[in-house]
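Biologist: I have a sequence and a model open side by side. How should I read the features in it?
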Amino acid sequence: MVAQILIIEDNEANLELVHYLLEKAGYRLSVAVDGAEGVAVALRVRPDLIVCDLQMPVMDGYEVLRRLRAAAGFAAIPIVAVTAYSMPDDQRRVKQAGFDGYLSKPIEPETFVASIEAFLAPPLRARGAAPQR
Ligand code: MN
C-alpha cells in the first residue's frame, strides 16, 4: 500500500507546496504545524515516513526526532529534515542527530518527490512516481 507520510512544517507556504507535491504523486498525508503537534500526530497515525522542518515554534525538529526515536516502534521510521540551513556543518549536525536524510529549502518541485521516495521501500512508493531501480 502507498505510504502514509506525515509533514511537520510551520511555514504555511512550504507546507502547502510539500502537501501539494506529495498528494499529486499519490501519497496519503497527515500534517502538523508545530513540533508538539507533530509528535502527537505521529504517535496516533504511525506514518511510514516523516518530513520534518527544523525551525518551528513550541518544539523544534531536533526535539521531535528525539521524542519519536524514543517511542516504541519509531526507531526505523525514516525521518527526513527539511531546512533553510544549507551549510555543510548543519548537514552534519542533522545526520549526527539521527535524521535519515536532509533536504534544503527552497523546495525544488521537480525533484522533491523523488528525493523523498529514496527513503521509502519500493512497495510503499506511489505507482509510477518513482523510477524503477
Ligand atoms: Mn520553520
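Modeller: Start with one pairing. In strand 5, the bridge partner of V80 is G101. Keep in mind that this is a predicted model.

Biologist: How many bridges join strand 4 to strand 5, and in which sense do they run?

Modeller: Four bridges join them, and the two strands run parallel. Strand 5 covers residues 101-104.

Biologist: What about the pairing of strand 3 with strand 4?

Modeller: That pairing is also parallel, again over four bridges. Between the two strands comes helix 3, residues 61-69. Strand 3, helix 3 and strand 4 make a right-handed β-α-β unit.

Biologist: How do I read the two faces of a strand?

Modeller: In a regular strand, side chains alternate between the two faces of the sheet. Now apply that to strand 4, residues 79-83. I79, A81 and T83 lie on one side, V80 and V82 on the other.

Biologist: Are those faces of strand 4 covered or open?

Modeller: Both are covered. Five of the five residues in strand 4 are buried. T83 has a relative accessible area of 0%. The T83 side chain makes a polar contact with the side chain of Q55, at 3.4 Å.

Biologist: Let's move to the metal. Which residues coordinate the manganese ion?

Modeller: D10 and D53 each give an OD atom, and Q55 gives its O atom. The distances are 2.0 to 2.1 Å. Read the spacing along the sequence next: D-x42-D-x1-Q. D10 sits in the loop between strand 1 (4-8) and helix 1 (12-25), while D53 is in strand 3, 43 residues apart.

Biologist: Next, salt bridges. How many does a search of the whole structure find?

Modeller: Five. Take K105 and E9: their closest N and O atoms are 3.2 Å apart. K105 lies in the loop between strand 5 and helix 5, and E9 in the loop between strand 1 and helix 1, so the pair ties together parts 96 residues apart in sequence. Both K105 and E9 are buried.

Biologist: Which residue does D53 form a salt bridge with?

Modeller: K105, with the closest N and O atoms 3.1 Å apart. This pair links strand 3 to the loop between strand 5 and helix 5, across 52 residues.

Biologist: Where do R69 and D100 lie?

Modeller: R69 is in helix 3, and D100 is in the loop between helix 4 (88-97) and strand 5. They form a salt bridge with the closest N and O atoms 2.6 Å apart. R69 counts as partly exposed, at 25% relative accessibility. D100 is partly exposed too, at 36%.

Biologist: What about a buried charge with no salt bridge, such as R125?

Modeller: Check the distance to the nearest opposite charge. For R125 that side chain is E117, 5.7 Å away. Then look at the backbone. The backbone oxygen of E117 lies 3.0 Å from a polar atom of the R125 side chain. R125 itself is in the segment after helix 5 (112-117).

Note on methods: Residues are numbered from 1 along each chain as its sequence is written. This is a predicted model: local features need pLDDT of at least 70, side-chain atom pairs count only at pLDDT 80 or more; totals for chains, interfaces and linings use all residues. Side-chain values use heavy atoms; hydrogens and water are left out. Buried means under 20% relative accessible area, exposed over 50%, partly exposed in between (1.4 Å probe, protein chains only). Lys and Arg count as positive and Asp and Glu as negative; His and the chain ends are not counted. A salt bridge is a side-chain nitrogen of Lys or Arg within 4 Å of a carboxyl oxygen of Asp or Glu. A polar contact is a pair of N or O atoms within 3.5 Å; within protein, one must be able to donate a hydrogen and the other to accept it, and residues adjacent in sequence count only if both atoms are side-chain atoms. Donors are N, O and S atoms within 2.8 Å of the metal (3.2 Å for Na, K and Ca); water is not among the atoms, so sites may look incomplete. Two strands pair if DSSP finds at least two bridges between them. A crossover is right-handed if, with the strands pointing away from the viewer, the path from the first strand over the helix to the second runs clockwise.
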